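Please keep the sequence and the 3D view at hand while reading.

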Amino acid sequence: MFDVASAPGDIGQRAQLHLARGSSRTARTRAPLRVLTFLNSFAPGGVERIAARLHAAWTAAGVDAHMVVADASIAPPIALQALSQIHHRPRARGITRFAALLRGMPAIIARQRPDVLFCAGNTYTSLAVALKLTLGSACPPIVVKISNDLVRADMSPPLRYFYRRWLRIQGRHLDHFVGMAPAMRGEIARLIGVPQNRISVIADPALADADLRRLAAARDAVVRARPGRHYLAVGRLAPQKNFALLLEAFARIAKPDDTLRILGEGPERRALEAQAARLGIAGSVYMPGHVDPLDGWLAEADAFVLSSDYEGVPAVVIEALAAGLPIIATDCCCSMADLLGHGTLGHLVPTGDAVALAEAMMTIPPDSATTAAARRTAAATFTIESATDKYLGLMRMLAAARAAETAIDTPRSDPVPSRAT
């Protein structure tokens with residue numbers, strides 16, 4: 001649990017001041033923490049899935065947690081309480097969802113008076129900044145989970161220049177940033193431009209303890225005695241995931257009995273299918289669409305392959321670790337080396353290098369009980385049980401600091417005692 005007394009800098013001092021006041025505000029301080037999370041929808045994606053997990057865990061911990069979505073036409077991945085849609089009809093994509101949330105959120109914030117807003121990933125920082133500018137001092141503190149790589153080497157230099165300026169805008173307006181692995185702390189400080197007392201590191205809660213046990217048991221129960229090498233990839237069929245690179249690498253080393261399964265759906269399906277046909281591997285590549293859960297697929301595969309150009313801490317890599325599966329991944333974020341134990345838990349290759357990826361895929365290490373156990377131990381860091389209290393400790397600290405600021409800025413209205421006569 002985050003200790004307010006040890007919180008760094010002015011935030012911790014103001015929180016302590018507020019908690020020591022013991023005034024009429026005590027009743028509000030003792031009320032359940034109020035947290036409001038906003039999402040576009042529950043379209044398949046790691047950010048939304050983890051946001052749902054956190055919301056459910058906070059509710060179970062006694063927090064007054066509420067979640068607002070622009071489009072509730074897609075069911076959440078788990079049953080959720082206090083979930084509402086911003087409009088009665090599902091909204092369209094992109095800017096229309098953004099506009100719907102920006103139009104509806106101020107009234108919800110005024111009515112519910114949340115202590116903290118939770119921004120579940122980089123996708124939602126534009127809305128978070130817009131809310132800060134719209135509401136001004138009436139906007140609650142915003143906690144931002146950094147869900148993606150900030151370097152964005154995939155961008156052209158001009159686009160990257162404007163993206164860096166955008167990151168600095170976030171740093172000026174948003175309150176606190178959460179990295180998902182220790183290596184992200186320096187990147188957040190350098191690129192977003194915020195001091196260390198506005199950065200926390202909380203391991204990405206991709207799994208629950210029960211998931212760890214289930215994924216390991218599923219793989220241990222399978223006998224993988226069949227010809228060929230069987231590769232598994234998971235993710236949205238979008239440019240960021242660079243499945244085109246994976247197809248090129250697979251085509252370089254594929255033998256007649258080898259297979260590649262890519263689980264996911266997205267706008268690049270037709271292009272990827274056409275590429276597989278041109279490369280002569282269409283008969284060995286299977287794209288069954290979005291699949292959940294992944295237990296059976298991770299249990300059957302000989303190796304998991306990540307070909308992304310940029311990521312945060314990919315939840316599916318953590319699931320592969322939990323299963324004990326050999327992993328081959330591009331160096332797509334500052335955290336990937338740590339996640340793969342600097343080569344002891346998986347094989348790391350440069351982004352965009354089809355030759356290096358192919359060579360790594362060709363040399364899958366043999367299954368080892370010791371290595372599988374080490375992978376599963378690494379995955380156990382990334383659980384919802386571990387992250388829940390850390391997030392709530394951080395949010396309580398921010399709420400206390402905001403209440404302290406409000407108390408300092410509000411003139412006292414206590415009656416002046418009359419002189420004794």
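Strand β9 (residues 259-263) runs parallel to β10, and three bridges join the two. Within this pair, Leu263 has Gly289 of β10 as its bridge partner. Helices and strands here are DSSP runs (H or I of at least four residues for helices, E of at least two for strands), numbered from the N terminus. Two strands count as paired if DSSP finds at least two bridges between them. The model is a predicted one: local features need pLDDT of at least 70 and side-chain atom pairs count only at pLDDT 80 or more, while totals for chains, interfaces and linings use all residues. Residues are numbered from 1 along each chain as its sequence is written, and side-chain values use heavy atoms, with hydrogens and water left out.

The two strands belong to an open sheet of six, ordered β10-β9-β8-β11-β12-β13, with parallel pairing. β10 and β13 stand at its edges with a single partner strand each, so one side of each has no neighbour in the sheet. From one strand to the next the twist averages 20 degrees; axes are lines fitted to C-alpha atoms, for helices over the stretch in contact, and angles run from 0 to 180 degrees between N-to-C directions. Helix α9 packs on this sheet and touches β8 (230-234), β9, β10, β11 (303-306) and β12 (327-330). The direction of α9 makes about 170 degrees with that of β9. Helix α14 (residues 354-362) lies across β8, β11, β12 and β13, and runs at about 165 degrees to β13.

Another open sheet has seven strands in the order β3-β2-β1-β4-β5-β6-β7, and its pairing is parallel. Its edge strands are β3 (83-85) and β7 (199-201), each of which pairs on one side only. Neighbouring strands of this sheet are turned by 25 degrees against each other on average, direction ignored. In this sheet, β5 (residues 142-145) and β6 (residues 176-179) run parallel and are joined by three bridges; the partner of Val143 in β6 is His176.

Ser147 lies in the loop between β5 and α6 (157-173). Its relative accessible area is 14%, so Ser147 is buried (buried means under 20% relative accessible area, exposed over 50%, partly exposed in between, with a 1.4 Å probe and protein chains only). Residues up to four places away in sequence aside, Ser147 touches Val47, Ala120, Gly121, Asn122, Met180, Glu311, Gly312 and Val313. A contact means heavy atoms within 4.5 Å.

Helix α10 (residues 269-279) has Arg269, Leu272, Gln275 and Ala276 as its buried residues. Seen down the axis of α10, these fall within an arc of 130 degrees, so they line one face of the helix; the arc is that of the directions from the helix axis to the C-beta atoms. An α-helix has 3.6 residues a turn, so residues three or four places apart point the same way. The cover over the buried residues of α10 includes α9 (243-253) and β10. On the face turned away from the buried side are the exposed residues Arg270, Ala277 and Arg278. Just after α10, Gly280 takes a positive phi of about 75 degrees.

The largest nonpolar core has 103 residues, of which Trp58 and Phe304 touch the most other members. A nonpolar core is a set of buried Ala, Val, Leu, Ile, Met, Phe, Trp, Tyr and Cys residues joined through side-chain atoms within 4.5 Å. Helix α16 (residues 384-409) gives the most to this core, with nine residues. Apart from it lies another core, of 27 residues, including Leu245, Leu247, Ile253 and Leu272.

Some backbone details remain. Most residues other than glycine have a negative phi, and most peptide bonds are trans. Arg113 is not a glycine but has a positive phi of about 50 degrees, and it lies in the loop between α4 (95-112) and β4 (116-119). A cis peptide bond, with omega about 5 degrees, joins Asp292 and Pro293.

As for confidence, the protein chain averages a pLDDT of 86, and 88% of its residues score at least 70; pLDDT is the predictor's confidence in each residue, from 0 to 100. Confidence is lowest in helix α1 (residues 9-21), at a mean of 41, and highest in β4, at 98. Over residues 415-421 pLDDT stays under 50, and the model has zero contacts there beyond four places in sequence.
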